Amino acid sequence: MTMPALRAALAAALSVPLALAAPAASVAWAADDDPAKVGPVKIGMVTTLSTKAGYLGADVRDGFRLAIKQGGGALGGVPVNLLVEDDDRDPGKGREIAERFVTRDDVKIMTGIIFSNVALAVIPKVVKDGVIYVSPNAGPSQLAGKGCHPYHFNVAWQNDNLHEAMGQYATDAGFERMVILAPNYPAGKDALAGFKRFYTGGTVVSEVYTTLGQSDYAAEIAGIRNAEPDAVFFFLPGGMGINFMKQVHQAGLGESVQLIGSGFSADHKLLNAVGAAADGMLNSAQWSPDLDTPVNAAFVAAYRAEYDAVPTIYSQQGYDAALAIGAALEATGGDLSDLDAFAAALKQADFASPRGDFRFGTNNFPVQDIYLRKAVMDPDGTLRNEVQGVIFEDHVDAYAAACAMK
């Protein structure tokens, strides 16, 4: 789709209204839970499996597990042992788990973190201690620029990226007055910074930071009503987004204010939890279940067969984290005695991603396309995302230039 055509499609789409407990033992997992298939390469997964955002970590875990199962208990032909623990969305607990993985289990590869505050508590320490970290989600700006590290990789995005795309969308769509809203933590600040970086067509009349995990948005909705914006951009992943969209609809603002967001706030699980109020919502993502490629079709079919569910972006990110690690394991024969060599192999990792073209940039963050998606309701009342076009091609994050790596 050409950019003029895309912009026309985007504008047309807007006509649709939006109506610290004691440490637990690690859980080891290999394909089919068969102990005989547990291999010599240990991978530590610290992720969020509890709280109202627990499904995000569960989807990352399940996508990762699918890749292991497809490899017969191996990644890149090398048997692996996946150790999984729940961080409860708590930075201190995440740090404690990571330290146990390193000191008790001699883990050299880690993954899994969902929230950026947990990532900032864990990643700088583990890479300094000689661990390869492959993020399937959290991509804080602090780790993408001057804080980049040759042992830290991200297969998802830098936090700002999907929000930058919606800033470009809001500009193209002609929104003149915007309210923007996110939780007050690193990813929330990155989200609004990213949106503002590409929103050049109007004025942000109100910039609102909520509490992480907040469930009642009455005060924020009253502020939106008073501001009289053309649209509201929000980043509220998991249960936060469900509550916000429902309350906006209940307040009667769905007919007068267009809600736009990113894929974090609009996966199909969240959309269906919201219901009809989410129909027509526009969002951005680096991947969608309906991308029409053989690799993606095979991934979606395999995930549905394994879990009886449609994968979310978190599932896809977990899957790609496993594939990237597998490509590096294959290239090095599973030898982790030289982590510099393993990191070099990971940076050049050649694997078929369901999202399409993908490569690591100079700072080990993705260079990739970002799509516009629209929430549509099927005749049975089920909501799903449908790709409308490409907003950015081969998008590079804003912090890569400050990274000293090449």
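Q: Two strands pair if DSSP finds at least two bridges between them. In which sense do strand E10 and E11 pair?
A: This is a predicted model: local features need pLDDT of at least 70, side-chain atom pairs count only at pLDDT 80 or more, and totals for chains, interfaces and linings use all residues. Residues are numbered from 1 along each chain as its sequence is written, and side-chain values use heavy atoms, with hydrogens and water left out. Helices (H or I, at least four residues) and strands (E, at least two) are DSSP runs, numbered from the N terminus. Four bridges join E10 (residues 231-234) to E11, and the sense of the pairing is parallel.

Q: Which residue of E11 is the bridge partner of Ala231?
A: The pairing of E10 with E11 runs over four bridges. For Ala231, the partner in E11 is Gln258.

Q: Which helix does the chain pass through from E10 to E11?
A: The path is a right-handed β-α-β crossover. Right-handed means that, with the strands pointing away from the viewer, the path from the first strand over the helix to the second runs clockwise. The helix on the way, residues 239-250, is H8.

Q: How many residues of E11 are buried?
A: Buried means under 20% relative accessible area, exposed over 50%, and partly exposed in between (1.4 Å probe, protein chains only). Gln258, Ile260 and Ser262 point one way, Leu259 and Gly261 point the other way, and all are buried. The strand, residues 258-262, is therefore largely enclosed by the rest of the structure, with a buried count of five of the five.

Q: Which residue of E12 is the bridge partner of Ser262?
A: E11 and E12 (residues 282-285) run parallel and are joined by three bridges. With helix H9 (residues 268-274), the two strands make a right-handed β-α-β unit. The partner of Ser262 in E12 is Ser284.

Q: What do the buried residues of H8 pack against?
A: The buried residues of H8 are Gly239, Met240, Gly241, Ile242, Phe244, Met245, Gln247 and Val248. Just after the helix, Gly252 has a positive phi of about 80 degrees. The buried residues pack against strand E8 (177-183), helix H7 (218-227), E10, E11 and H9.

Q: How far apart are the end C-alpha atoms of H10?
A: The expected span of a helix is 1.5 Å times one less than its number of residues. H10 has 14 residues, 294-307, so it should span 20 Å. The end C-alpha atoms agree with that, at a separation of 20 Å.

Q: Within what arc do the buried residues of H10 fall?
A: Asn296, Phe299, Val300 and Tyr303 are buried in H10. Seen down the axis, they line one face of the helix, because they fall within an arc (taken from the directions from the helix axis to the C-beta atoms) of 95 degrees.

Q: Which helices are included in what covers the buried residues of H10?
A: The face of H10 turned away from its buried side carries the exposed residues Pro294 and Ala305. On the buried residues, the cover includes helix H2 (54-70) and helix H11 (313-332).

Q: How many residues of H2 are buried?
A: The 17 residues of H2 should span 24 Å at 1.5 Å a residue, and the end C-alpha atoms, 25 Å apart, agree. The helix is mostly covered, with a buried count of 15 of its 17 residues.

Q: Which side chain makes a polar contact with that of Gln368?
A: Gln368 is found in strand E14 (residues 366-377). Gln368 is buried, with a relative accessible area of 1%. A polar contact is a pair of N or O atoms within 3.5 Å; within protein, one must be able to donate a hydrogen and the other to accept it, and residues adjacent in sequence count only if both atoms are side-chain atoms. At 2.6 Å, the partner of Gln368 is Arg355.

Q: Which residues does Ala121 touch, not counting residues up to four places away in sequence?
A: Ala121 lies in helix H4 (residues 116-128). At 17% relative accessibility, Ala121 counts as buried. Contact means heavy atoms within 4.5 Å. By that rule, Ala121 touches Pro91 and Arg95.

Q: How far is the backbone oxygen of Asp105 from a polar atom of the Lys42 side chain?
A: Lys42 is found in strand E2 (residues 41-47). Lys42 is partly exposed, with a relative accessible area of 31%. Its contacts beyond four places in sequence include Asp105 and Val107. From the backbone oxygen of Asp105 to that polar atom, the distance is 3.2 Å.
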